[in-house]
Amino acid sequence: MITVKLLRVFIGLLSGTFFGAGMVISGMVDPVKVIGFLNITGNWDPSLAFVMGGALMVFTPFYHLVIKKRNHAISGDKLNLTTDTTIDGPLISGAILFGIGWGLAGFCPGPVITSVGGGSYIVLTFIVFMLVGISYGTQYLAGRFPLPIVGYRKNVGLVTKQNK
Amino acid sequence: MGFTIPWQSLFGGMLLGLSAALLMLFSGKVAGISGIIGGLLSRQKHETSWRVAFVIGMILSVYVVSPLGFELPEIINNNIFLVALAGLLVGLGTRLGNGCTSGHGIVGMGRFSKRSIIATCIFMTTAIIVVLIRNLLGGL
């Protein structure tokens, strides 16, 4: 039991370190570079397309050739994969809201968390408001808080089941 | 045209893919940063320690790569209100959409998940349109 816990923590630490290193080395941590990548009609900087390309180049074959064949992870935990294929309102509206925020500041969750140690008040401000946004989203999904335009969430029970 | 492959971006991206593959193979977890952060806000049994470790690894990674000459950039953004609004939208959007650039863009796309492919197309397109509008408004 104790070794499984240790393995989970060790793998968390190791993969977190690889992830953060990838964020810094690839340049994803630089919002100026991110905006330059999104600016396809202007002075486009295509280099960040290679970040997703590189990530998929490693993860995709590894998933389909190694992970997919397994019933469980090496720790014995189940593979935490959703089989949900419904394209619903929260997925679409969430992706749009995320896209607006990403385009406004050039930050997404991975790079800002990696940048915490830099101590920039801009990064810290973004993170505080991101945490507020996540918490509010959780309350909305549970039917407790309303959102502008759409109001309170309907069919709460249905979706809680799906997301579980 | 003198296009050269941006090796650092490619290599950095491969590290992200390796990270996601290791986390899923060994622990069965999805390397989705919005999900990991969100999971720390509403904690479940057995799901907290690895998330904390992952976040600590991310933050410490900066000190691992700095001897190799990779540093965090200086963040220049003089509009703190825009940053706050963006943070709010990113938090709310990733929670409703169940993922961000990593969870949908890497893990979900790599698994050929229909939801992730659609989410990634939508947030990429939206962000591109936002940057375009900002350019048209004179670099707001």
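Visitor: Which helix gives the most to the nonpolar patch, and with how many residues?

Guide: Helix H3 (residues 49-65) of chain B gives the most, with four residues. First, the ground rules. This is a predicted model, where local features need pLDDT of at least 70, side-chain atom pairs count only at pLDDT 80 or more, and totals for chains, interfaces and linings use all residues. Residues are numbered from 1 along each chain as its sequence is written, chains are lettered from A and ligands numbered from 1 in the order written, and side-chain values use heavy atoms, without hydrogens and water.

Now the patch. Its members are A:Leu13, B:Val52, B:Ile56, B:Leu60 and B:Tyr63. Together they have about 420 Å² of accessible area at the surface (Shrake-Rupley method, 1.4 Å probe, with only the protein chains shown as cover for residues). A patch takes residues with over 30% relative accessible area and no salt bridge; like charges are joined within 9 Å, and nonpolar side chains (Val, Leu, Ile, Met, Phe, Trp, Tyr) within 5 Å. A salt bridge puts a side-chain nitrogen of Lys or Arg within 4 Å of a carboxyl oxygen of Asp or Glu.

A:Leu13 sits in helix H1 (residues 2-26) of chain A. Helices are DSSP runs of H or I, at least four residues, numbered from the N terminus; strands are E runs of at least two. A:Leu13 has a relative accessible area of 34%, so it is partly exposed (buried is under 20%, exposed over 50%, partly exposed in between; 1.4 Å probe, protein chains only).

Next, the two chains. Contact means heavy atoms within 4.5 Å. On that basis, 109 residues of chain A meet 100 residues of chain B. About 9400 Å² is buried between them, and carbon and sulfur atoms give 79% of that area. Buried area is the accessible area (1.4 Å probe) that two parts lose on being put together, summed over both. A:Phe19, A:Ile25 and A:Leu104 supply 8% of what chain A buries against chain B, more than any other three residues.

Charged links come next. Two salt bridges are counted between chain A and chain B. B:Arg115 and A:Asp84 meet in a salt bridge through their side chains, at 3.8 Å, N to O.

Finally, one loop residue. A:Leu147 lies between helix H6 (121-141) and helix H7 (156-163) of chain A. Its relative accessibility is 13%, so A:Leu147 counts as buried. Leaving out residues up to four places away in sequence, A:Leu147 touches A:Tyr136, A:Tyr140, B:Leu92 and B:Leu96.
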